[in-house]
Amino acid sequence: QVQLVGSGGGLVQAGGSLRLSCTATGTTLGIHTMGWYRLTPGKQRELVAQIDDGGYTNYATSVKGRFTISRDNSKNTVYLQMNSLEPSDTAVYYCNARAGSAVPINYWGRGTQVTVSS
């Protein structure tokens, strides 16, 4: 099993910055992609950013140029640096780790609240 422990998040004014981090523990061998999703009431879960074990990144259009995802494979940790935050970024952010290829297995963190005030 894999456990994802996240930190970061909180309340910030528009234009500010926050950094999320998430560490995978347990049976981490086989994890190839890590990333962040967010959920806002009334909306579907949205991929924010992800990074694979080769360093390839993928971002939601709405965060490109503002958010940066990075990864420390030696620590099984993924980071999300969020700059120029906007009220529309307010959501619960969930860390995700994915293992397997033919049959992907997704692991989820408990979620952390990010609130951006105008």
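In what order do the strands of the open sheet of 4 strands stand? The order is β1-β3-β8-β7, with antiparallel pairing. This is a predicted model, in which local features need pLDDT of at least 70 and side-chain atom pairs count only at pLDDT 80 or more, while totals for chains, interfaces and linings use all residues. Residues are numbered from 1 along each chain as its sequence is written, and side-chain values use heavy atoms, with hydrogens and water left out.

**The open sheet**

- Strands (E, at least two residues) are DSSP runs numbered from the N terminus, and two strands pair if DSSP finds at least two bridges between them.
- Strands of a sheet pair through backbone hydrogen bonds, either parallel or antiparallel.
- In the open sheet of 4 strands, with the order β1-β3-β8-β7, the edge strands β1 and β7 each pair on one side only.
- Neighbouring strands of this sheet are turned by 15° against each other on average, direction ignored; the axes are lines fitted to C-alpha atoms, and angles run from 0 to 180 degrees between N-to-C directions.
- β3 and β8 run antiparallel and are joined by 6 bridges.
- Cys22 has Val78 in β8 as its bridge partner.

**The disulfide**

- A disulfide is a covalent bond between the sulfur atoms of two cysteines.
- The structure holds 1 disulfide, counted when a pair of cysteine sulfur atoms lies within 2.5 Å.
- This disulfide joins Cys22 to Cys95, with an S to S distance of 2.1 Å.
- It links distant parts of the chain, since Cys22 is in strand β3 and Cys95 in strand β9, 73 residues apart.
- The link of Cys22 and Cys95 is left-handed, with -90° about the S-S bond.
- Both Cys22 and Cys95 are buried, meaning under 20% relative accessible area, where exposed is over 50% and partly exposed is in between (1.4 Å probe, protein chains only).

**The nonpolar core**

- A nonpolar core is a set of buried Ala, Val, Leu, Ile, Met, Phe, Trp, Tyr and Cys residues joined through side-chain atoms within 4.5 Å.
- The largest one has 30 residues, and those with the most contacts inside it are Leu4, Trp36, Leu80, Met82 and Tyr93.
- Strands that each supply at least two residues of this core include β1 (2-7), β4 (31-39) and β11 (112-117).
- Its largest share, 5 residues, comes from β9.
- Not counting residues up to four places away in sequence, Leu4 touches, among others, Cys22, Met34, Cys95 and Trp108; contact means heavy atoms within 4.5 Å.

**Ser21 in strand β3**

- Ser21 has its place in strand β3 and counts as buried because its relative accessibility is 17%.
- The side chains of Ser21 and Ser7 are joined by a polar contact of 2.6 Å.
- A polar contact is a pair of N or O atoms within 3.5 Å; within protein, one must be able to donate a hydrogen and the other to accept it, and residues adjacent in sequence count only if both atoms are side-chain atoms.
- Leaving aside neighbours within four places in sequence, the contacts of Ser21 include Val5, Trp36 and Tyr79.

**Hairpin and loops**

- β9 and β10 (residues 105-108) run antiparallel and are joined by 4 bridges.
- These two strands form a hairpin with 5 residues between them, and Gly100 in the turn has a positive phi of about 80°.
- Ala99 stands opposite Ile105 in β10.
- Asn76 lies in the loop between β7 and β8, and its phi is near 50°, a positive value in a residue other than glycine.
- With a relative accessible area of 29%, Asn76 is partly exposed.
- Ser84, in the loop between β8 and β9, has a positive phi of about 50° although it is not a glycine.
- Ser84 is partly exposed, with a relative accessible area of 40%.
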